[in-house]
Amino acid sequence: MERTNDSMLTEFVLVGLSAHPKLQTVFFALVLWMYLMILLGNGILISVIICDSHLHTPMYFFLCNLSFLDICYTSSSVPLILDSFLTGRKRVSFSGCMVQMFLSFAMGATECVLLGMMALDRYVAICYPLRYSVIMSKNAYLPMAAGSWVTGLVDSVVQTSLAMQLPFCTSNVINHFVCEILAILKLACADISINVISMAGSNLIVLVIPLLVISISYIFIVTTILGIPSTKGKRKAFSTCSAHLTVVIIFYGTIFFMYAKPKSKSSVDADNQDIIEALISLFYGVMAPMLNPLIYSLRNKDVKAAVKNMVGRKNSDGI
């Protein structure tokens, strides 16, 4: 372990997979490919939604926000991860670490709230189809999206500010690929009870409440779908929300698996668990954003048609 006698750290050391050099090469190629797919997939989805007037609806407005979020979230951490795979133990300045932590936390918190807003949108579309355009007007969905961003940013400001005030006087080594807030709190040599309470409040606001909103919305959605007499009608209604439900399961499933499992008391097992947690966090941070555009495009006829139209227009312009 690298130690420092100074309570004011100037840098952190990201361990990552430095103890497994062969894995670093494999993961570098894999993560780089996934990151390029994230930029390409989400970039295309955003372009299609903006260019096709038929997709200028609340659902696709939220989806556009989700894709932009995924690009921002991965761009705040993946370049640092790739660099750590090339250099082994990566040294990051204290300020740089805090900025990266702020951006990653803000984007993650915003996505949690945004998924809740998207569930409300699907609830109104399925349960009140005739009033959908009236209820989900611009005056409704614009503040809903803005509220998601503001909640995530404010939450991140609070958590990052509290973490910056902590003294780190025993170690500056982070057993992670990035400056992840829980990994940083483990290094503090002071009472972190305020941080723990604040994180609990944050989890309630950006994790539990949106998950409750999603759960209650889908209870009503399923009840409404089961009441549709025709099989074709049921299938069509379910197809409009199946993509969102798939994304929610991947997103929240990874989070709860990462933070809800019991901690090991053995120091050796604890180190191994830190690596496992880091790999799961990597999956959460890269795999889910890569799958989101695929899930929404493969399961959505409107997006498929819009992509075909855009490609057709480009081909005709080229001719």
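This is a predicted model: local features need pLDDT of at least 70, side-chain atom pairs count only at pLDDT 80 or more; totals for chains, interfaces and linings use all residues.
**View 1. Helix α2 is largely enclosed by the rest of the structure, because 14 of its 18 residues are buried.** Buried here means under 20% relative accessible area, with exposed over 50% and partly exposed in between (1.4 Å probe, protein chains only). Helices are DSSP runs (H or I, at least four residues), numbered from the N terminus. Residues are numbered from 1 along each chain as its sequence is written, and side-chain values use heavy atoms, leaving out hydrogens and water.

**View 2. Helices α4 and α6 cross at roughly 145 degrees.** The axes of α4 (residues 94-127) and α6 (residues 138-164) come within 7 Å. Axes are lines fitted to C-alpha atoms, for helices over the stretch in contact, and angles run from 0 to 180 degrees between N-to-C directions. By class, this contact holds 18 nonpolar, seven polar and one charged residues. Nonpolar covers Ala, Val, Leu, Ile, Met, Phe, Trp, Tyr, Cys and Pro; charged covers Asp, Glu, Lys and Arg; the others, Gly among them, are polar.

**View 3. F27 and F85 form one of the 10 aromatic pairs found in the whole structure.** Rings of Phe, Tyr and Trp (its six-membered ring) pair if their centres lie within 6.5 Å; planes under 30 degrees apart are stacked, over 60 edge-to-face, and the rest tilted. This pair is tilted, at 6.3 Å centre to centre with 40 degrees between the planes. F27 sits in α1 (residues 21-51) and F85 in α3 (residues 78-87), 58 residues apart. F85 is buried, with a relative accessible area of 5%.

**View 4. F68 and W149 make a tilted aromatic pair.** Their centres are 6.0 Å apart and their planes 45 degrees apart. The pair links F68 in α2 (residues 58-75) to W149 in α6, 81 residues apart. F68 is partly exposed at 42% relative accessible area, whereas W149 is buried at 19%.

**View 5. The largest nonpolar core has 52 residues.** Such a core is a set of buried Ala, Val, Leu, Ile, Met, Phe, Trp, Tyr and Cys residues joined through side-chain atoms within 4.5 Å. F62, L115 and Y252 touch the most other members. The largest share, 15 residues, comes from α4.

Terms used. Helices (H or I, at least four residues) and strands (E, at least two) are DSSP runs, numbered from the N terminus.
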